[in-house]
Amino acid sequence: MTVAFVCNGTSVEVAAEAGTSLLAVLRDELGITSAKDGCAPQGQCGCCTVLIDGDARVACVTPVARVAGRVVTTIEGLDATTREAFAGAFVATGGSQCGFCTPGIVMRAASLVAKSGGRPVGAVEVDRAMAAHLCRCTGWRSVQEAVVAAAESLGGVPTSLSRPGRSGSTGAARAELEGGVAQSVGPEVPLGAGGFADDTAPRDALVAIPLPPGSRADSVSAAGVRWVLGASLAEARTKAGKVQGRRTTRVESPPLPQPTGGAVRLATGWVEPAYLEPDASWCVPGGDPASPLANGGAFGGKVASPVAAAARALADRLGRPVRVVFAREDVVRLGPKRPPISATARFSDGVLRIDGAMVGIVPDGDVVLPYRLDGIVEEWEACDVVGPPVSAALRAFPLAERTVLAEGAFTEAGVDRAAMVADERVESVLLDVCARDPDGATAGARVVLDPVSGVLERVEIRVAAGDPLDDVVLCSYCMGAAHMALGWVLTEGLAVDPETGEVHDLTIRSFGVIRAKDTPVLEVMVVDEPGPPLPRASDAVFAAVAAATWNAVTAAEGTRPESFPARETRAARRLRR
C-alpha cells in the first residue's frame, strides 16, 4: 500500500506492507533516526515518541496506515526555539546522559508545554507525562527539572539554569570517568544525535538479527551466535518468525539457596542492566565495525556484546555492508546479568567476616571499606547455575554487594561508624553509611522512608571524587546510580526458569525499573576537595545508597529483608502499584 502524510512540514508518500509501523518508516525509509527503537516494538519505553497532529504517540506500535493524511512531527520538525530550549535545559540540568531516551521525552514534553497555553508546568504534571517513558541513566529528577525549566523559558519566565564556568570538555571528561567510555554532553545529545551505531548504519545494508529460540529459519553463524539475514529489519524479523516478548506471572526468586548463620543474610536474584539502547553495530567489508558503545557504556552490559565481531565477520563473508541489530528480547536473553549471590556477614571484636557464594564469578581484589577495622575475612565460591550469562563488569559490582553486607553487619552490631572513620575525606561524606570505590571516590548516603506508609521520601548523598570537573554531570550520574540502587534493593528482578535457565520476563516494563512518579527526592552534595579527578564516583554512590536502603527498610519493617528485591516490604509494594 501507499501511505501519504506530512512529516516535519514536507508531504511524503511511502510504500509499506500492511502492519508496518510508523517507526520503521521513519527510520528505514525516511532516514529519521532521532526516533529510537528501545523496545522493538513493545510500546513500553517511550524512546520512539513523536507527535501525530500534535499529540504524543509511540511510533513503534502505530501502524503507518493510521497516519495517512495526518501530520507527523519528530525532533527535527519542532520549531527552533522549542528545540533549543529543551536542548539547553537538558544540558544545564544533566537531564541527558547517553541521550537515547531523551528525544522521545522531549517530544512528550513539547506536547505538554504546547497544550499548557503558556502557563507554568509543574513537577507533578511532568511526572505524569513521563509515565509512558523509561530512563535508566539520570534518576528522573534532573529530567523533571529540565522540562520545568524549558517550559519556563518558552513561556518567557526567567530561569536559573545558567551554569557559569561549565564547558563541554570538562563535562565529557567527567562522563567518561563515570561511564568508562568516551561520551559527549553537548546539546545534540538530548536531541538524539549522540551517534548511536544503528543510527549511523547504511539503510541499504543487509540486516542480521539473532535467531529466536525455536525458530527454524535459515541462519548463519558468527561470533558464537546464529543470525537470520534480511534486506531490511522488517524482512529479517519476518523470516525469523520473531515473537513479541511477554511478561510472565512467575515470581522471581534468588537462584542460590538462602544462606544460614551470620548476623545478616542476603540472597539476590537475576537483575537486567536495562540499558535503553539495544546492542547494534554495522560494518563494511574490510572495515572496522561501529562500536555498540557510541555514547555511553551501558553500565558494563555491552562489554562482551557479540554484535561488532558479528558485523565484521558477516560483512567480510558476504562482501557487502551488514547491520547487526538486537531486539529487546535478544538483549534480555543474550545480555549479561548482575551475578546473584547468597552470603552472610558479621562484625565482632573489630573484625568483619563475609562468607558467600556467587553465580559464575569470584570477586577480584580485597574488600574496600572507608573505615578503620581490626581485620576483614572474606571467602567466596563460584557456583554453576543454569540461567542467563553474568558479568563482573556491571555497575558497582562487587563493590555494592560487599558494602551492603558490611554495612548491614555494622548496623546489626550496633557500632558507631564515626568512631571507625580513618580520614577526613570519610568524615566529609559520612551520613548513615559510607562506601569507597577501589580508585578512591567515596560516598555517603541516607535514605528516608515514611515510618508508617514505607514511602520513599528522600535520598541524601554526599560524594567526594577529587576534582569533580563538572558538578552537574557528576550529580546526574550520582542520581542515576541512586535510582538504580533503589531498584536493585526493592523492585528489580527477572523471572528465570530454574530448570531450563530460560528468562521469562522479556518486556522492558517487567524489569521493575522505578518510574518517574515513584522516584524520591534525590539530594546530592559534591564535596569540594583538592586532588585529581577520581573515576567511578557513581559506583560508590550506588553501593552507599543500596546499603542505606537495606538499613532503612529494616528499620521501617522491624526485620531485615533477606533477599533482593525486597518485594514484600511496604516500600516495595507501594512502588509496584
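Mentor: Before we start, two strands pair if DSSP finds at least two bridges between them. Keep in mind that this model is predicted.

Trainee: Okay, which residue in S4 is the bridge partner of Val50?

Mentor: Start with S3, residues 49-52, where Val50 sits on one side with Ile52. S3 runs antiparallel to S4, residues 55-58, and four bridges join them. Across in S4, the partner of Val50 is Arg57.

Trainee: And which residue in that hairpin takes a positive phi?

Mentor: The hairpin of S3 and S4 has two residues between the strands. The one with a positive phi, near 50°, is Asp53.

Trainee: What stands opposite Leu51 in S5?

Mentor: Leu51 points the way Thr49 does, and both are buried. S3 also runs antiparallel to S5, residues 71-73, joined by two bridges. In S5, the residue opposite Leu51 is Thr73.

Trainee: Switching to cysteines, how many disulfides does the count come to?

Mentor: A pair of cysteine sulfurs has to be within 2.5 Å to count. The sulfur of Cys39 has its closest cysteine sulfur in Cys45, at 3.9 Å, so that is too far for a bond. Cys478 is in no disulfide either, with the sulfur of Cys475 6.2 Å away. The count is zero.

Trainee: Last one: is Val452 buried or exposed?

Mentor: Val452 lies in the loop between strand S16 (442-449) and strand S17 (456-464). Exposed means over 50% relative accessible area. Val452 has 69% relative accessibility, so it counts as exposed.

Technical notes
Residues are numbered from 1 along each chain as its sequence is written. This is a predicted model: local features need pLDDT of at least 70, side-chain atom pairs count only at pLDDT 80 or more; totals for chains, interfaces and linings use all residues. Side-chain values use heavy atoms; hydrogens and water are left out. Buried means under 20% relative accessible area, exposed over 50%, partly exposed in between (1.4 Å probe, protein chains only).
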